[in-house]
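Dear colleague,

I am handing over the structure we spoke about, and it is shown just below. My notes on what was found in it follow, arranged by topic.

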Amino acid sequence: MPSRSSSPSGPDAGRVASHLAVMGAVAVVMGVLVACLAIPFAGLVGVAAKDVSKGMVNLPESLEAKDLSQKTRIYDVNGNLIASLYDQNRINVPLASISRPMVKAIVAIEDYRFYEHGALDLKGTLRAFITNQANGGAVQGGSSITQQMVKQTLLYQAETEEERRAATEETYARKIRELRYAIAFEKNHSKDWILERYLNIAYFGDGAFGVQSAARHFFSKNAKDLNLLESATLAGLVKNPVGYDPIDNPERAEGRRNVVLDRMAQLGILTEKKAERLKATPLKDTLEIETAPNGCQQSRAPFFCDYVVNWLLKDPVLGDTPKERRTTLKNGGLTINTTIDLDMQRAADESVAAHVFPTDQAIGGLAMVEPGTGDVRALAQSRPMGKDKAAGETYLNYVVPKKYGDANGFQAGSTFKLFVLASAINQGIPLSTSINSPQEMLIPDEEFETCDGPYAGDGKGWPVSNSTGFGTYDLYSGTQQSVNTFFAQLEVMTGMCEPIALAKSMGVRIPKMHEVPSWILGVSDSNPLELAQAYATFAARGLHCDPRPVTQVLDSSGQVLKDFASQCEQVMPGATADAVNDILRGVMEPGGFGQNIAIDKPSAGKTGTNQQNMSVWFAGYTPSLSTVAMVAGANEFGEWVSLNGQVVGGSYIGEAFGSTVAGPIWGDAMAAVSAKLPYEDFQAPPGDQVAGVLTSVPDVTGQTVEAATQAIEAAGFTVADGGPVDSETAEGTVVSTSPEAGTQLSSGDTVTLYTSTGTEPSTGNGNGGGRGRGNGGGRG
């Protein structure tokens, strides 16, 4: 094969002569056609010749070759492909990344003198014209690779039906137009550039555009790795991609492959013996079909993919309008690196699917978010993506905010109480504060303070009642038991202004119409992702981060189009979050609502159930992962229904609660990913910053007074000297404390130290006994 060195900036003398010969050939060809070859159609061709001559003058001197559309690929956090988006399944590759056998095969069968002639292969064209006239006048064959590339470019860039017809019409006028543009391409570009574009624009059948996608689709390998047999197969497809389709027409495809091999042998590219040996290989033995799923529905994480697409459609970096952004997404050949972890996604999918079936009169959903970054690790829901409503399918994404998923969401119940709790701690209300909380009570409107003054309701007040019992509770027990009348009174103490502002700063939507005293019972619609990123704020010690599904977008050439940094803000003191975590970890411990779903890592959680049990929630987290599970009653029309009396996931629900219906979804998913999570404990709330912290008195028996004092003060308590007592332990070491080790006290409470005299107590020592009885009484 001749040298392919050809400068884009200027043709050599041979190519200039070739172009001049081409123009002369056009005149000769047209003259021949009119004079003798097209005798049956002489009159028609004569008219066409005038039109073509006029059209040649009016044509632009060159054709702009626009960038070819390429499929966009979406990857998980570990670089695994999770989805592709495209109008045409194409991945552009440079000529250097296409195997030499492939280059030789396509040139041999389509234009073996490609590197020797200019835009037109005069001998081939004349031969084709004569053959066509003898067979009725259809324009077929004879086109150089450059002319074929021009035709493909005109068809690809056609924007109207008229332009598409003009690009494919079987007329000499079209051929002459293509020739004019081919001359320009040969003048302005190298042969290698033309061949590269041709191999990237060509259609190889079964949805594969370009040689790279064809190599992946038919042989599960890259274009640079194609061997002779595979190359001959692909080279044979471009003439008739449908007719020679290896999947639908394997016999014809094999025959065409063998024609290519024979042609390569005829040209001396390979020996006839090798060609015969290769032809003996059955086509089916070489194929290894790889599908190229298109769109989110065929993704490994369909609803996460859908969220990513809708999230990026809001970003002007992809275009000025939503339409431009969508075009960029489907045709721009982007690389989108996301935050999803497929191990966590699998755990989420399996847990949701096990507890809520697609055709249940309920929707199950789960979201996982990383504290401190906002990275969205998994999104799952029970209804699959699709249009078959009878099978429970839907295109609504129930686990994300409405602007990204088109679903309104569901009331979040008592999960909203945490915003009042955090505000109370922020305002210095001691965690040990006791509030008498009856079964039901009516609180006047004016007792609730808004940002603008007393709440102006309808004058009827708020009638609030409990579903979990009544009594006197502090901030620990009132939260762990989720007592409504306790939180209603706590809201009176904090006011409504700060808790609502805190909720909004944590990414939770509170519509103006819902800024009423009962908002803390979760009357506003929410979704698992919204709550997961909000609760992640507590896990991150008060640092709130907006949900982030994408970390980076690269353009088709691999250049960074945009890096997406975490968007985080400290919305509460770390000590406040520490106190909330300390309270909520009690939910996961013996006696708490979440004790049966606790995992092998320190965790904290909160249940949520709305009125009439239409939706139930469990929001739980470790220091490294925040996860929210939801089950909401909804029929096939998306209308709310109660979960009570429903069969969900094969189990009958008498009365739905967050701990018993949503909690197991959370527990199973978190247990499945626990091995990926570091063993990390929550930071204990500092007693000097949070009043009323309940902390266990440390065991300091046997320690020096100095060491014991340091340990007790570190736990947040004040130390008092109880004096010496007779004891056989070393003189000056601590014998006991009052209260005793393990007792739960509030921060700032006093712990008394008793030290040893080093003397064995005498029997009947009145002072020692009295002191012991006195202190014992104090501990009780």
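**Overall make-up**

The secondary structure of the protein comes to 25 helices and 29 strands, and please keep in mind throughout that this is a predicted model. Of its 780 residues, 52% count as buried. Among the contacts with a separation of 6 or more, 71% are accounted for by residues 24 or more positions apart.

Leaving aside residues up to four places away in sequence, Leu312 touches Leu318, Arg325, Leu329, Ile336, Val550, Val553 and Phe564.

Leu312 is also one of the buried residues of H13, a group that includes Phe303, Phe304, Tyr307 and Trp311 as well as Asp306 and Asn310. Ten of the eleven residues of helix H13 (residues 302-312) are buried, so this helix is largely enclosed by the rest of the structure.

**Thr551 and its surroundings**

Strand S17 (residues 550-554) contains Thr551, which is partly exposed, with a relative accessible area of 26%. Not counting residues up to four places away in sequence, Thr551 touches Asn337, Thr338, Thr339, Lys562, Asp563 and Phe564.

Which elements each supply at least two residues of the lining? They are strand S13 (462-465), strand S20 (604-609) and helix H23 (658-673), and S13 gives the most, with four residues.

**Salt bridges**

Side chains of opposite charge can pair when their charged atoms come close. A search of the whole structure finds 28 salt bridges, and a few of them are described here.

- Glu530 forms a salt bridge with Arg509, the closest N and O atoms being 2.9 Å apart. Glu530 lies in helix H21 (residues 528-539) and Arg509 in the loop between helix H20 (497-505) and strand S15 (525-526), so the pair ties together parts that are 21 residues apart in sequence. At 3% relative accessibility Glu530 counts as buried, whereas Arg509 is partly exposed, with a relative accessible area of 35%.
- Glu169 pairs with Arg177 in a salt bridge whose closest N and O atoms are 2.7 Å apart. Glu169 is partly exposed at 29% relative accessible area, and Arg177 is partly exposed at 23%.
- Asp285 and Lys284 meet through their side chains in a salt bridge (3.4 Å, N to O), and Lys284 counts as exposed at 64% relative accessibility.
- Asp341, Asp343, Arg346 and Lys676 are linked in a network of salt bridges.

**Backbone details and loops**

The peptide bond from Ser738 to Pro739 is cis, with omega near 0°, and Pro739 is found in the loop between strand S27 (734-738) and strand S28 (744-745).

Two residues other than glycine have a positive phi to note. Asp206 has a phi near 55° and sits in the loop between strand S3 (203-205) and strand S4 (208-209), where it is partly exposed, with a relative accessible area of 35%. Ser220 likewise has a phi near 55°; Ser220 lies in the loop between helix H9 (211-219) and helix H10 (228-237) and is partly exposed, with a relative accessible area of 22%.

Finally, Asp699 has its place in the loop between strand S25 (695-696) and helix H24 (705-714) and is exposed, with a relative accessible area of 55%. The C-alpha atoms of Asp699 and Thr743, which are 44 residues apart along the chain, are separated by 10.0 Å.

With best regards

Technical notes:
Residues are numbered from 1 along each chain as its sequence is written. This is a predicted model: local features need pLDDT of at least 70, side-chain atom pairs count only at pLDDT 80 or more; totals for chains, interfaces and linings use all residues. Side-chain values use heavy atoms; hydrogens and water are left out. Contact means heavy atoms within 4.5 Å. A salt bridge is a side-chain nitrogen of Lys or Arg within 4 Å of a carboxyl oxygen of Asp or Glu. Buried means under 20% relative accessible area, exposed over 50%, partly exposed in between (1.4 Å probe, protein chains only).
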